[in-house]
Amino acid sequence: MSKPDAKLITNKSNIAYLSNFTGSAGFMLLTKKNNYLFTDFRYIERAKSTIPACIKLINITRVWRNPKALAETWQKILKKHKIKILGIEESDLTVARYKKFKKISKKIKFVDISGEIEKIREIKTPKEIALIIKSQRINERVFLAIKKIIQDYCQTAFSKSSSIEPLREIDIAWMIKKLAHDFGADDISFDPIVSFGPHSARPHHEPDATKLKKGDIIMIDMGMKYKGYCSDMTRMIFTSKPTQKQTQIYDLVLKAQENAIKKIKAGISGKKADALSRDIINKAGFKEQYGHAGGHGIGLDVHEIPSLAETYKNPLKPNSIVTVEPGIYLEGEFGIRIEDMILVTKQVNKNLTKIPKNM
């Protein structure tokens with residue numbers, strides 16, 4: 001593949017990583033001598049107050065009134081830096097947007113650079129690690145508050161004389177969002193997964209109006225965003241004494257997860273890291289009930305490289321942060337998933353998740 005003379009960055013998380021700019025409209029051009037951020041009138045003041053001085057800000061507001069203005073500015077910069085080969089993030093660009101850039105980049109060859117910035121983002125700086133930990137601490141505060149709400153509800157609602165309003169999956173999901181704001185998160189990192197009873201056997205169940213019943217297992221998969229950085233955690237809540245089968249499955253998933261957390265280290269492949277939990281579940285006879293990857297990288301995006309998956313053969317790197325989240329899902333009955341975030345090191349990993357996993 002030809003080496004690009006410059007790189008066009010359109011992925012919003014990559015733009016934020018490179019420039020601190022978080023507006024919804026904009027793109028960057030990285031050249032050997034200068035880096036540029038292009039945005040319009042709506043975000044100019046925000047960009048001025050956030051991007052480093054070394055990045056040149058280009059106001060493209062005029063394109064609303066003169067479609068040729070962006071092309072003229074763009075071509076002038078390409079000519080100034082003698083750009084003949086331009087790297088683009090194909091995995092991010094829509095066909096329509098690709099055609100627009102192609103139209104204004106006459107005689108320029110495009111080559112794919114998808115994943116290049118993500119590989120840099122994979123290794124977290126001390127500042128990034130601190131922000132992810134802060135995000136997780138907020139996540140844990142929210143979870144503990146939600147757990148208390150559920151416990152109080154169960155004590156009241158499951159008594160014979162209770163007339164309390166039913167508690168639904170969507171109620172818990174909305175509470176998570178509200179508490180995220182109350183406890184200092186910028187946002188949630190994804191829509192919470194809240195599933196009662198048999199719904200917990202659906203790995204990515206969308207909360208609905210299902211009411212909580214005595215004996216239901218509750219799966220809560222949730223995450224916060226703090227200063228752009230995500231957290232992610234899954235915990236199980238029991239509304240009555242677990243059955244023998246529930247205890248057996250829970251203990252098996254926990255054993256698989258803790259084995260992976262203990263043995264994952266920098267240098268092993270994502271495939272081998274995944275196998276540390278998957279092999280235990282497979283050998284116990286639940287191969288068909290565990291159909292998703294064993295974990296994923298996390299940072300500015302809730303899902304980023306590396307991946308703990310059978311198809312991911314690249315080695316894990318020191319100071320990357322990954323989730324470890326094996327699960328077993330018994331259709332029509334219940335599912336169990338336990339998820340922590342760990343900081344990968346060359347020797348002993350650091351578990352960034354502090355919520356206990358005892359039943």
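Residues are numbered from 1 along each chain as its sequence is written. In this predicted model, local features need pLDDT of at least 70 and side-chain atom pairs count only at pLDDT 80 or more, while totals for chains, interfaces and linings use all residues, and side-chain values use heavy atoms, with hydrogens and water left out. Helices (H or I, at least four residues) and strands (E, at least two) are DSSP runs, numbered from the N terminus.

An open sheet is formed by six strands in the order 4-3-2-1-5-6, with mixed pairing; two strands pair if DSSP finds at least two bridges between them. Strand 4 and strand 6 (109-112) stand at the edges with a single partner strand each, so one side of each has no neighbour in the sheet. From one strand to the next the twist averages 25°; axes here are lines fitted to C-alpha atoms, for helices over the stretch in contact, and angles run from 0 to 180 degrees between N-to-C directions. Within the sheet, strand 1 (residues 6-9) pairs with strand 5 (residues 85-88) in the parallel sense, over three bridges. Lys 7 has Gly 87 in strand 5 as its bridge partner.

Two helices that pack on the sheet are described next. Helix 1 (residues 12-19) touches strand 1, strand 2 (27-30), strand 3 (35-39) and strand 4, and its direction makes about 60° with that of strand 2. Helix 4 (residues 95-104) touches strand 1, strand 2, strand 5 and strand 6, and its direction makes about 140° with that of strand 6. Contact means heavy atoms within 4.5 Å.

Ile 77 is found in helix 3 (residues 68-80) and counts as buried at 8% relative accessibility. Buried means under 20% relative accessible area, exposed over 50%, and partly exposed in between (1.4 Å probe, protein chains only). Leaving aside neighbours within four places in sequence, Ile 77 is in contact with Leu 29, Tyr 36, Phe 38 and Ile 58. Between the C-alpha atoms of Ile 77 and Lys 357, which are 280 residues apart in sequence, the separation is 55 Å. Ala 53, in the loop between helix 2 (44-50) and strand 4 (55-59), is exposed, with a relative accessible area of 85%. The C-alpha atom of Ala 53 is 9.8 Å from that of Ser 19, 34 residues away along the chain.

Strand 8 pairs with strand 9 (residues 217-222) in the antiparallel sense over four bridges. In strand 9, Asp 221 stands opposite Ile 193. In a regular strand the side chains alternate between the two faces of the sheet. Both faces of strand 8 are covered, with Ile 193 and Ser 195 buried on one side and Val 194 and Phe 196 buried on the other.

Helix 9 (residues 270-283) has 14 residues, and at 1.5 Å a residue it should span 20 Å, which agrees with the 20 Å between its end C-alpha atoms; the expected span is 1.5 Å times one less than the number of residues. Helix 9 has a kink of about 40° centred on Leu 276, where the bend at a residue is the angle between axes fitted to the seven residues ending there and the seven starting there. Buried residues in helix 9 include Ala 273, Leu 276, Ile 280 and Ile 281. The buried residues of this helix pack against helix 8 (244-263), strand 14 and strand 16 (327-330). Gly 285, which follows helix 9, has a positive phi near 95°.

The structure holds 19 salt bridges, each a side-chain nitrogen of Lys or Arg within 4 Å of a carboxyl oxygen of Asp or Glu. One of them joins Asp 301 to Arg 121, with the closest N and O atoms 3.1 Å apart. Asp 301 lies in the loop between strand 13 (295-297) and strand 14 (304-308) and Arg 121 in helix 5 (residues 116-122), so the pair ties together parts 180 residues apart in sequence. Asp 301 is partly exposed at 24% relative accessibility, whereas Arg 121 is buried at 2%. Glu 140 also forms a salt bridge with Arg 137, the closest N and O atoms being 3.1 Å apart. These residues are three apart in helix 6 (residues 126-157), a separation of about one helical turn.
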